[in-house]
Amino acid sequence: MKILLINPPRSPENNILRFAPEAAKPFIHKKLIGPPLGLLTIAAAVKDHDILLFDMKGEYDLDAATPSLNVLTRQLLEKFNPDLVGVTTITSEFDFSIDICIEAKKFNPSILTVAGGLHATLCPQDFNDPTVDVVIPGQCAHVFRDLVEAKEEGISLTDVPGLLLNGPVGLKKTEGKPRIWDGANADYLFPDRRHLDRWISTYKVGNSPFPSTYVFTSLGCPYKCTFCSIWTQFKGKYYQRTVESLIEELKSIDEYPVVRFADANTVVDHGFMNLFFDRILEEGIKKTFVMDIRADVAAKHPEIIEKLAQGGLKVVICGFESFRDDELKKYKKDSPAIDNQEAIRVFEQNGIMVRGNYVIPNDYGVDDFEALAEYADLNRVVYAGYTILTPMPGTIYYKQVEDQIIDHNYRKYNFFNSVMKTKLPHDEFHERVGSLWLIKKGTDVI
């Protein structure tokens, strides 16, 4: 079977950038850079078939003259003539995933269109467009494989557990339960990154001359932050990969000197991380590592940060979220603001650069912005990030404020646009968020 897997383009909506002072614009985050690890896993599940994996984000980064989404999709369809088109999607890219399915059906109505990814997991009901044939929520590589095999053998898709089939009355769940799938251990699928060779030059972050790739050490998250969709995607469960599986993967990706661990929180099981980095040192693996680490972990366990630094950890993404304990409690962050300050000290003591991220509530007034600016100035980090607290569909926060949402344009659900009424005038609110991006050390951007 000929299978076309597409990573949609990014949403261009960014009101922080739009209204920010000119001096701040060079430092404002404009795009998340990195390969589509989820689609690579899907491709590995059906590796015996004829697969074309196309990264539209990489394509637009590679060539600014790349045609529009519709034209580009049509070109791919004409060149490859697939039997199946699969799209992965997050909320801000939902519209683009639907556009891709529409083009596929225009080209050939018999093409089977399949949607998966985060938004398909948390909001499958949104995929009610008639051009979407199948929605597969959750960790679905094995279900996708079952679908492909059923299609090849002429078996009705209604007999494949784990699918949502689109029909005249909307989405209908197939009967039965998919077999148990241990995607982090026994059933882990090693991604074939050769699918992405065309775009490897676009996977460079900041001023790094080297491309980076994603590797996950775990799936899910044991914490329950109200604004986060990762733990809800995995229903609160947490799955850890094995050390030797990770070592094998790291040794196989010489073309990527920089590795971004794609975890919600990389350091959860301290014993595991100690063993993992012991093995990295034993094997002589020389890479630059980037990972997400909670502030409370660094503050309370500086010894493990020292170990990680010895093994190549150079950049940490740390969710500070707020400088106020009452806000952190509201978010169920379970880490007081004082941990942010201690974490900065621990990271910098070990030569680790920090990307400290704050989320700005829509009800901030002038005094709130000034207080945050003062705190951030006293606790500067190399890479500062100031985004907007956004009610992402499928999160607890979304349910808490659903009646306050005034903008339902999914393209704006990327943390760079307020979708609720702001206390300050709309433009001034975004301008003030943009101004905060000037509060940082250095001039590099990631």
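User: What makes a pair of residues a contact here?

Analyst: Contact means heavy atoms within 4.5 Å. Of the contacts in the chain with a separation of 6 or more, 74% join residues 24 or more positions apart. This is a predicted model, in which local features need pLDDT of at least 70, side-chain atom pairs count only at pLDDT 80 or more, and totals for chains, interfaces and linings use all residues. Residues are numbered from 1 along each chain as its sequence is written, and side-chain values use heavy atoms, with hydrogens and water left out.

User: What share of the chain counts as buried?

Analyst: Buried means under 20% relative accessible area, with a 1.4 Å probe and protein chains only; 57% of the 446 residues count as buried.

User: What makes a set of residues a nonpolar core?

Analyst: Its members are buried Ala, Val, Leu, Ile, Met, Phe, Trp, Tyr and Cys residues joined through side-chain atoms within 4.5 Å. The largest such core has 143 residues, and Phe 144, Leu 147, Phe 276, Ile 293 and Phe 347 have the most contacts inside it. Apart from it lies another core of six residues, including Val 290 and Tyr 383.

User: Which residues does Ile 293 touch?

Analyst: Leaving aside residues up to four places away in sequence, Ile 293 touches Val 267, Ile 305, Leu 308, Leu 313, Val 316, Ile 317, Cys 318 and Phe 347.

Notes: Buried means under 20% relative accessible area, exposed over 50%, partly exposed in between (1.4 Å probe, protein chains only).
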